[in-house]
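Here is a brief report for a first look at a protein model. Keep the sequence and the 3D view open while you read.

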Amino acid sequence: MTHNVAILGASGYTGAELVRLIATHPSLTITALAAERKAGLEMAEVFPQLRHLDLPKLVKVADINFDEIDLVFAALPHGLSQALVRDLPPHVKVVDLGADFRLRDPAAYEKWYGAPHVATELQKEAVYGLTEFYRDDIGTARLVAGTGCNAATVQFALRPLMSGDLIDLDDIICDLKNGVSGAGRALKENMLFTERATDAKGYAEGGKHRHLGEFDQEFSALAGRKIEIQFTPHLVPMSRGILASCYLKGDAKAVHAALAARYADEPFVIVLPFGQTPGTGHVAGSNFCHIGVTGDRISGRTLVVSTLDNLCKGSSGQALQNANLMLGIPETTGLMQPAMFP
């Protein structure tokens with residue numbers, strides 16, 4: 001059976017990544033591509049690497065006939081999906097790659113994103129899209145909220161450690177390096193080549209990053225009490241990738257055993273042998289997350305390193321993984337390609 005899908009926000013990086021992944025998917029057909037500012041253009045004019053594909057022209061969202069669509073990927077900036085998803089026909093399933101439905105509490109959304117939510121009933125209905133932990137709920141959902149890419153990277157490292165006495169939950173430090181594609185495709189002066197090519201710089205320091213809302217929500221629910229982590233992201237000179245170094249108080253070998261046990265049967269999360277740590281090049285362009293654990297010269301200290309591709313496993317690959325579940329397609333379909341190297 002073939003399912004018709006639409007991609008809203010198809011002229012952005014995550015939209016192009018969705019097209020790349022779906023191009024060889026045996027059960028999905030791209031029926032509509034929307035991009036408001038580039039409506040009327042061929043996809044090849046926006047992304048020449050997709051020139052060989054038979055794709056529909058870019059159109060405005062208002063011009064799409066959703067009666068013919070089974071599932072929508074909404075790859076839009078935060079604030080734009082709420083009313084749009086609210087007004088879709090009820091038969092259309094939605095995977096929202098943006099931030100609009102990640103936080104369950106309307107007050108938390110307003111705190112982190114600076115505006116009230118306009119579709120709070122849908123906000124309650126949305127299933128958080130970290131596939132490996134919400135798989136059963138995603139399979140029966142109409143609306144799935146994709147995680148933040150930074151949030152996913154850190155959660156893969158820490159979620160299995162939130163129960164029991166494996167680590168000190170009140171002393172967690174996460175230092176994250178990410179590629180500039182995570183900032184989107186819109187023109188920004190601080191993202192110019194000359195600004196970024198030889199520079200590494202932190203941003204949203206001091207607890208200001210919006211993905212902290214996801215950490216607060218998810219980790220506190222797992223621990224059964226308020227959990228707040230210290231988290232600082234840094235932009236580094238690469239186009240793709242996230243590397244999270246998580247500094248913990250706990251026994252390194254026990255931490256490694258817990259992670260290895262939790263992910264033993266997960267097709268996309270690989271825990272390396274104890275003492276080995278991954279790099280961003282190990283997962284670039286793939287839907288895989290690699291996790292490594294090592295001890296420290298200071299007894300009782302542990303380093304957990306987690307890496308994934310922000311555009312794939314952190315966004316579009318995760319979205320396709322969730323769409324497969326929602327449509328009754330084997331979860332790994334279209335997603336088993338290895339990383340690109342070099």
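The sections below cover the basis of the model, its cores, its cysteines, one aspartate, its salt bridges and its backbone.

## Basis

This is a predicted model, in which local features need pLDDT of at least 70, side-chain atom pairs count only at pLDDT 80 or more, and totals for chains, interfaces and linings use all residues. Residues are numbered from 1 along each chain as its sequence is written, and side-chain values use heavy atoms, with hydrogens and water left out.

## Nonpolar cores

A nonpolar core is a set of buried Ala, Val, Leu, Ile, Met, Phe, Trp, Tyr and Cys residues joined through side-chain atoms within 4.5 Å. Buried means under 20% relative accessible area, exposed means over 50%, and partly exposed lies in between (1.4 Å probe, protein chains only).

The largest nonpolar core holds 82 residues. Phe73, Val154, Leu158 and Ile229 touch the most other members. Helix α7 (residues 149-158) gives the most to this core, with seven residues. Helices (H or I, at least four residues) and strands (E, at least two) are DSSP runs, numbered from the N terminus. Apart from this core lies another, of 22 residues, including Leu8 and Leu143.

Leaving aside neighbours within four places in sequence, valine 154 is in contact (heavy atoms within 4.5 Å) with residues including Phe215, Ile229 and Cys246.

## Cysteines

A disulfide is a pair of cysteine sulfur atoms within 2.5 Å. The whole structure has zero disulfides. Cysteine 149 is buried, at 15% relative accessible area.

Cysteine 246 is in no disulfide either; the nearest cysteine sulfur, in cysteine 174, is 3.4 Å away. Cysteine 246 is buried, with a relative accessible area of 0%.

## Aspartate 100

Aspartate 100 is found in the loop between β5 (93-96) and α4 (106-113). Aspartate 100 is buried yet has no salt bridge. The nearest side chain of opposite charge is arginine 102, 8.1 Å away. Here Lys and Arg count as positive and Asp and Glu as negative, while His and the chain ends are not counted.

What does the side chain of aspartate 100 reach? Another is the backbone nitrogen of glutamine 82, at 3.1 Å. Beyond four places in sequence, aspartate 100 touches residues including His78, Tyr109 and His117.

## Salt bridges

A salt bridge is a side-chain nitrogen of Lys or Arg within 4 Å of a carboxyl oxygen of Asp or Glu. The count comes to 16. Arginine 135 pairs with glutamate 331, with the closest N and O atoms 2.8 Å apart. Arginine 135 lies in helix α6 (residues 131-139) and glutamate 331 in the segment after α11, so the pair ties together parts that are 196 residues apart in sequence. Arginine 135 is partly exposed, at 24%, while glutamate 331 is buried, at 14%.

Aspartate 87 bridges to arginine 86, with the closest N and O atoms 3.5 Å apart. Aspartate 87 is exposed, at 56%. Glu17, Arg20, Arg240 and Asp309 are linked in a network of salt bridges.

## Backbone

Most residues other than glycine have a negative phi, and most peptide bonds are trans. Alanine 204 has a positive phi of about 50° although it is not a glycine. Alanine 204 sits in the loop between β9 (201-202) and α9 (212-223). The peptide bond from phenylalanine 341 to proline 342 is cis, with omega near -5°.

Notes: Polar contact = N/O pair within 3.5 Å; in protein donor to acceptor, adjacent residues only side chain to side chain.
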